[in-house]
Amino acid sequence: MGALKQLEETVLSGLQSLPKVRVSGVVREVTPSFYRAAGLSEFVKLGDRVGFDANGRRHAGEVVRIDENGVTIKPFDGRVEAALGMRSYVMSDMGLNPDASWRGRVINALGEPVDDLGPLLPGARAVPFDAQPPNAMTRARVNKPLKTGVRAVDLFTPICEGQRIGIFAGSGVGKSTLLSMLARCEGFDTIVVALVGERGREVREFLEGPIEPNRARSVIVVSTGDESPMMRRQAPRTALSIAEYFRDQGDSVFLIVDSVTRFAHAARDVALAAGEPAVARGYTPSVFSDLPRLLERAGPGAEGKGSITGVFSVLIDGDDHNDPVADSIRGTLDGHIVLDRAIADQGRYPAINVLGSISRLADQVWTSEQKELVRRLRTLIARFEDTRDLRLMGGYHPGTDQELDQAVVIVPKIYEALRQDPPMPVSTDAFSELAQLLRG
């Protein structure tokens, strides 16, 4: 027995000293957006990481298509630096190990630090980039009111903790400004921000501006517009994984994603590279399944755990609110805030169209008196806007329509009360402030 034991130890020792073997294939096709490798089809599945070594570093990519002749790999780098004949190998799973010490840090879509503050301390537990949402039957109810400090939001589209709401706006209408105002919201343990496809100059402006007071409890995931579609597609998923980690620790998490539309654009680029056909304005079928899968990950956790309150900005292409992506997102979220270019042109910010905005959980926040007041205010605003052309043409005569007379007097005061710029103090009691401004 002693000799057998010694032989076994010798064999094991010899095996450990052997060089590690990795599965690899050969690059057979290179295009500006992807490359194909032969010899890997039987060893990988969709979503696996594959890489190659060039210029002294490792270049990672993701498998987006598999067929018997090879696999299609979409790289995370902005440029495809693969060359014909290179060896492309299967990489170990690229998971994420969030930790509480990540608060105050800025990372990229792959979970790597980009703030020059040293390496990140890995957590004890790995979390997947594409986790499943909590089971619908075990999720907690959403009923805790939340004050955002933005008067127009707290009055007409109130938000609850654990709610998911979208900000729908065309370019240059004040979407990022409104997000920066919401970022000042108090009452959360952790803030997670995903800046997807943003201009590079806006990153520091956001970090050193609205988020600065809460920087110590924030994790920022950045993927600028010059990065590859793979990185822009990955950034919101990374942010959701980090938010889920803190949620499972019992934290109340505030998640901001700017913007989901750029995630959809990136997902479209990846799907087209995989050979999917375009079905709606250039978007592929998988985009419309990726969106709800991403958005449903936000919201309340299981009973006894924390929650993720999600604010998702939606860039409306060509100011068309019936754009397929916008329509899909609007149907998935728990409410939407619409920013109107015509209101912005009048110099009223935030340019919220209160008639086109809705919160599906507003009844959890309003009292019966507040609900009736908001209904009455909406009626007056609608009456005021419907008769704008009539009044401009001189067709309105005071005293002939009592409701219109009331709207002409009150609605301009309401608009002035809703005006709120970022430097102004946050709202603490929107209804009381509105009453005071109307009396004034």
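**Pockets, cavities and helix pairs**

Mentor: Start with the largest pocket: strand S4 (57–67), helix H5 (229–248), helix H6 (260–273) and helix H7 each give its lining at least two residues. Helices (H or I, at least four residues) and strands (E, at least two) are DSSP runs numbered from the N terminus. This is a predicted model, where local features need pLDDT of at least 70 and side-chain atom pairs pLDDT 80 or more, while totals for chains, interfaces and linings use all residues. Residues are numbered from 1 along each chain as its sequence is written, and side-chain values use heavy atoms, without hydrogens and water.

Trainee: How many residues line the largest pocket, and which lie nearest its centre?

Mentor: On a 1 Å grid over the protein atoms alone, a pocket is an open set of points with protein on both sides within 12 Å along at least five of seven lines, a cavity is a set where a 1.4 Å probe fits but cannot get out, and lining residues have an atom within 4 Å of a point. Here 24 residues line the largest pocket, with Leu-46, Gly-47, Asp-48, Glu-62 and Asp-130 nearest its centre. The space in this pocket is about 680 Å³; a volume is what probe spheres set on the points fill, with points joined across faces, edges and corners.

Trainee: From which domains does the lining of the largest pocket draw at least three residues each?

Mentor: Domain bounds come from an automatic or database assignment. Domain 1 (19–90) and domain 2 (100–365) each supply at least three residues of that lining. By class, the lining has 9 nonpolar, 4 polar and 11 charged residues. Ala, Val, Leu, Ile, Met, Phe, Trp, Tyr, Cys and Pro count as nonpolar, Asp, Glu, Lys and Arg as charged, and the others, Gly among them, as polar.

Trainee: What volume has the second largest pocket?

Mentor: About 420 Å³. Of its 23 lining residues, Ser-176, Thr-177, Glu-198, Glu-202 and Asp-258 are the closest to its centre. Two or more residues come from each of helix H3 (175–182), strand S11 (190–198), helix H4 (200–207) and strand S13 (252–258). The classes in this lining are 8 nonpolar, 7 polar and 8 charged.

Trainee: How many cavities of 30 Å³ or more does the structure hold?

Mentor: There are 2. The largest cavity has a volume of about 80 Å³, and its lining includes Ala-152, Arg-348, Tyr-415 and Arg-419. Domain 2 (100–365) and domain 3 (369–439) each give that lining at least three residues. The second largest cavity has a volume of about 70 Å³, and helix H7 (residues 287–295) provides the largest share of its lining, 3 residues. That lining divides into 3 nonpolar, no polar and 5 charged residues.

Trainee: At what angle do the axes of H6 and H7 cross?

Mentor: Axes are lines fitted to C-alpha atoms, for helices over the stretch in contact, and angles between N-to-C directions run from 0 to 180 degrees. The axes of H6 and H7 cross at roughly 140 degrees and come within 10 Å. H6 is therefore oblique to H7; under 35 degrees counts as roughly parallel, over 145 as roughly antiparallel, 65 to 115 as roughly perpendicular and the rest as oblique.

Trainee: And how do H12 and H13 pack?

Mentor: Helix H12 (residues 402–418) and helix H13 (residues 430–439) pack at about 130 degrees, with axes 9 Å apart. This pair is therefore oblique too.
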